[in-house]
Amino acid sequence: MTNSLNDIRHAKSMIFIGSNATEAHPVSMQHILHAKEVNNAPLIVVDPRFTKLAAKATEYVRIRPGTDCAFMMGLINEIIANGWEDKEFIRTRVAGYEEMVEVAKHYTPEVVENITGIPAKQTRRVADILAKSRPTSLTWCMGGTQHHIGSSITRSFCILQLVLGNMGKSGGGTNIFRGHDNVQGATDMCVLADNLPGYYGLAEGSWKHWCRVWDVDYDSIASRFASKEWMESKGFSLARWYEGVLGEEKIESPSPIKAMIQWGCGSNSNSQYNRVVKALNMLDLLVVIDPFPTIVAAVTKTDNIYLLPSASQYETSGSVTSTSRQIQWRFKVVDPVYDSKDDYEIMSLLVSKLGFADEFYKNIKEVPEDITREINKGTLTIGYNGQTPERIKAHMENWHTFDIDDLQAKGGPCDGDYYGMPWPCWTTEHPGTPILYDISKPVAKGGLPFRNRFGDVTTYVMTGREEGQLAAKGVCNPGSEVQGGYSEFKEVVPGTNWKTDLSQETIKNAINRGMAPFGNARARCVVWNFPDQVPIHREPLHSPRPDLVEKYPTYEDKANHFRVETRYKSEQNPDLVKQYPYVLTTGRQVEHMGGGAETRSSKYLSELQPEMYVEINPRLANDLGIRKGDMVIVESPEGAKITVKAFITPRVDEKTIFLPFHFAGTLMGESYLKDYPEGHAPYVLGDPGNTVTNYGYDIITQIQATKDGLCKVTRA
Amino acid sequence: MAISKHRKPAPGKTVSSGRRVTLNPKVARRSFLKLSAATAALSGAAMTTKLTGKAVAAEATPAYKDSETVRTICTYCAVGCGIEAEVQNGVWVRQEVAADHPVSRGAHCCKGAGAIDMVISEKRLKNPMKRVNGKWTNLTWDQAIDEITAKLTEIRDNNGPDALHFNGSAKVSTEMAYLQRKFAAFWGSNNIDHQARI
């Protein structure tokens, strides 16, 4: 999020698109409802389903799954056509605007209606609300990302906020609600196939930076890899690791996958789940490290599987980063129960036995505090350097001293700090950055301009126009030595830049001069390194609208996408809808979390939400002869099937089927209960919804497209 | 450490868990959970301090004898709600909402209200296991680590470092997530990812 959950209290309007906060982030609702009730802020909810959040909306917009980008470009077009754009913000802080406007012109309210199903007058009305009720807080979740054009959809959200001038302002911002408790922290540490901690990438310079932090020889780390080329190439991702086992797709990797460590990660969140199960059973070694056996233990029938009981996070300690970028210390409540061990100890046992403990733990004696300090030392890109263990703990001990409206401590030991020192927190005196890109405050007090990351000048391929990428003259944070845009800081310490200077003198130098270490630039509407330089609509890979496939086709196929050849054009068959006539989408329930290994092992939560089901519109159910409580078969174009109970509800429209994705443990009438270690199966089992989520992956990130597939529904 | 010896709540102070939760924590928590879950489900919103305050202010009960309160953070979603855990003799006996936490302000959803269940659930794995001839068999930690590392080394020797895939976690601490990424670097492969990808 650029802002914070609490900051939504200052919104004058809110738009949620592909987010069901009421179920997925229930406690955030107090801040959302504060804005709605106290500020009288309109609450616009855009979703294919009439969700529990939609029930709280002042304006519910039903959208066809996968068409979010068309709607956003339509709003942008309508805002510009009426002269409602923030002209000064765009003139001074935005790049590639003219190119973007040309693309947006296509998306008139009538064109948007044809693509999205949203009436033209509603698009006009929403644009009017956003123009008159600024700032708007914009939130998305997986409903916005899990599409083959997810990266274009999310960019269109950001561009809307730029056009409205809602960035860097209290009550505005792009506020992505992250899912799991520490998905922000784990992402920042880059437990990712394409990055090193702090989003440093995989280039040689990045490896050398981290080797300096670890105080190990670069050549010794390089020698561990298959080659330098593979050291600098993306690995398999969570979305498609199993293709490296199955060998059914074209793979570019030095070896097929033979072994897997699955540490704190359910498996039934993966689409095409039956293929995941097949791969799990082909591994030579599978190690599950988790407090619960997870569905992996039950679906893997071979003797090659080990279960290591890790303690829960209440039986260990360390920091966690919330969706608001706040870093909190999760103090240990009790010692590990039974014969479980905490994560740090299990890692230490593995690393010691594998023989690289001395190098691995060179700077780490006190666990976990010395690890926090190593993170502080190296994670400069996103400002994880000022949040020392001592400061994080002090915030926890004094959380009552922080103001709920601006999250700043008013007096007390943390006076002036923002709660959790939201990153970037540039120095050990810095208060944290509560709102990203806010030029109303000095950088030393938590302000920031946009980052200069893509050069100082660019010529757009689309138009041949040349444009400076730095902010306009006079636009900067208060106290800035340079009155206007400036490049990122480098050569303050010779041979380094602000990201690689481990002395952190470069960062301090910038702050002391009232400037941001990463420069002061414009936000881009044109991303010249993406296939769609300006976001455009492309029909879902499995589209229910053959007439639109021709006009808005998908991409060309992509080789070596995280080591796997990925089909786009060759997968998009306009006739598929004849056999698989309904759109399939998925989502969450408040009672369960992720794959449900934890929550379905809670008897109370299991009692509250005990059964897998499929939501079907009453009209469709009647046409298909399906009555409430009937068992129905949902089948994917890949031929996978599940049997689930019908829940007849107008929450979904007559063309759309909804499945919650938290269940596992049965499939098509077969129970896996006997396959769990005895006494450790969850209380509630069900067919995994992700068995029938379709093939399809984002062109940039490879996130799976679970929200806009097709399916067939029949009575069981 | 954010551990404080438990003090008796001042008269009129809002305390979120009431007498129900003292005599038999299991039964009491169940009723508390039902209330919170039902509220969340029906209203579409989590409980507010106001609501819980009204319900229990008159029933505020003393702490367990010699107990300590530990401030910690819920492990479910990324809102980051505060939890006040009451611990007696190393046992987590009761949890309270953190009424003055700046983000959650005394609210919990039905999942967070049962955070204690993560520790006391009988479904938790109790010791290392492996499947032998189709049957789950207990192992000691030494056996498990010896066998796993021997197999990892053998696979690495035969197929190279890219024969391993590592799925890490959005449920571990930031420090542990960092160690997971560092492990892959020292192992020699970029075959590492976690839930953020999906």
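Buried residues, those with 20 or more other C-beta atoms within 10 Å of their own C-beta atom as placed from the backbone, account for 56% of the 198 residues in chain B. The model is a predicted one, in which local features need pLDDT of at least 70 and side-chain atom pairs count only at pLDDT 80 or more, while totals for chains, interfaces and linings use all residues. Residues are numbered from 1 along each chain as its sequence is written, and chains are lettered from A and ligands numbered from 1 in the order in which they are written. The secondary structure of chain B consists of five helices and eight strands; here helices (H or I, at least four residues) and strands (E, at least two) are DSSP runs numbered from the N terminus. Along the sequence these elements follow the pattern β-α-α-β-β-β-α-β-β-α-β-α-β. Two residues are taken to be in contact if their C-beta atoms, placed from the backbone, lie within 7 Å. Among contacts in chain B between residues at least 6 apart in sequence, 55% link residues at least 24 apart.

Contacts between the chains involve 135 residues of chain A and 104 residues of chain B. On the side of chain A that touches chain B, helix H17 (residues 343-354) of chain A gives the most, with eight residues. By class, this side of chain A has 76 nonpolar, 39 polar and 20 charged residues, where Ala, Val, Leu, Ile, Met, Phe, Trp, Tyr, Cys and Pro count as nonpolar, Asp, Glu, Lys and Arg as charged, and the others, Gly among them, as polar.

Strand pairing, which requires that DSSP finds at least two bridges between two strands, also links the chains. Strand S6 (residues 259-263) of chain A runs parallel to strand S7 (residues 164-167) of chain B, to which it is joined by four bridges. In this pair, A:Ala259 has B:Leu164 as its bridge partner. Strand S8 (residues 305-309) of chain A is joined by two bridges to strand S5 (residues 129-132) of chain B, and these strands run antiparallel. A:Tyr306 stands opposite B:Lys130 in S5(B). Within chain B, four bridges connect S5(B) with the antiparallel strand S6 (residues 135-138), and B:Met129 has B:Asn138 as its bridge partner. S5(B) and S6(B) form a hairpin with two residues between them, and B:Asn133 in the turn has a positive phi of about 50°.

In chain A, four strands form an open sheet in the order S3-S2-S1-S5, with parallel pairing. Strand S3 (59-62) and strand S5 (136-140) of chain A stand at the edges with a single partner strand each, so one side of each is left without a neighbour in the sheet. Neighbouring strands of this sheet are turned by 15° against each other on average, direction ignored. Strand S2 (residues 43-47) of chain A is joined to S3(A) by four bridges, and A:Asp47 stands opposite A:Arg62 in S3(A). Helix H9 (residues 150-163) of chain A lies across strand S1 (13-17) and S5 of chain A, running at about 175° to S5(A). Axes are lines fitted to C-alpha atoms, for helices over the stretch in contact, and angles run from 0 to 180 degrees between N-to-C directions.

Helix H3 (residues 68-81) and helix H6 (residues 109-116) of chain A pack at an angle of about 170°, with their axes 9 Å apart. H3(A) is therefore roughly antiparallel to H6(A), a term applied to angles over 145 degrees. The contact is made by A:Ala70, A:Phe71, A:Gly74 and A:Glu78 of H3(A) together with A:Pro109, A:Val112, A:Ile115 and A:Thr116 of H6(A). By class, this contact has five nonpolar, two polar and one charged residues.

The buried residues of helix H19 (residues 369-378) of chain A include A:Ile371 and A:Ile375. The buried residues of H19(A) pack against helix H11 (204-214), strand S9 (318-321) and helix H20 (389-397) of chain A, and against helix H5 (174-187) of chain B.

A:Tyr697 is located in the loop between strand S22 (670-671) and strand S23 (709-715) of chain A. This residue, A:Tyr697, counts as buried because it has 28 C-beta neighbours inside 10 Å. The C-alpha atoms of A:Tyr697 and A:His147 are separated by 6.6 Å, although the two residues are 550 residues apart along the chain.

Technical notes: A residue is buried if 20 or more other C-beta atoms lie within 10 Å of its own, exposed if 12 or fewer, and partly exposed in between; C-beta atoms are placed from the backbone. Angles under 35 degrees count as roughly parallel, over 145 as roughly antiparallel, 65 to 115 as roughly perpendicular and the rest as oblique.
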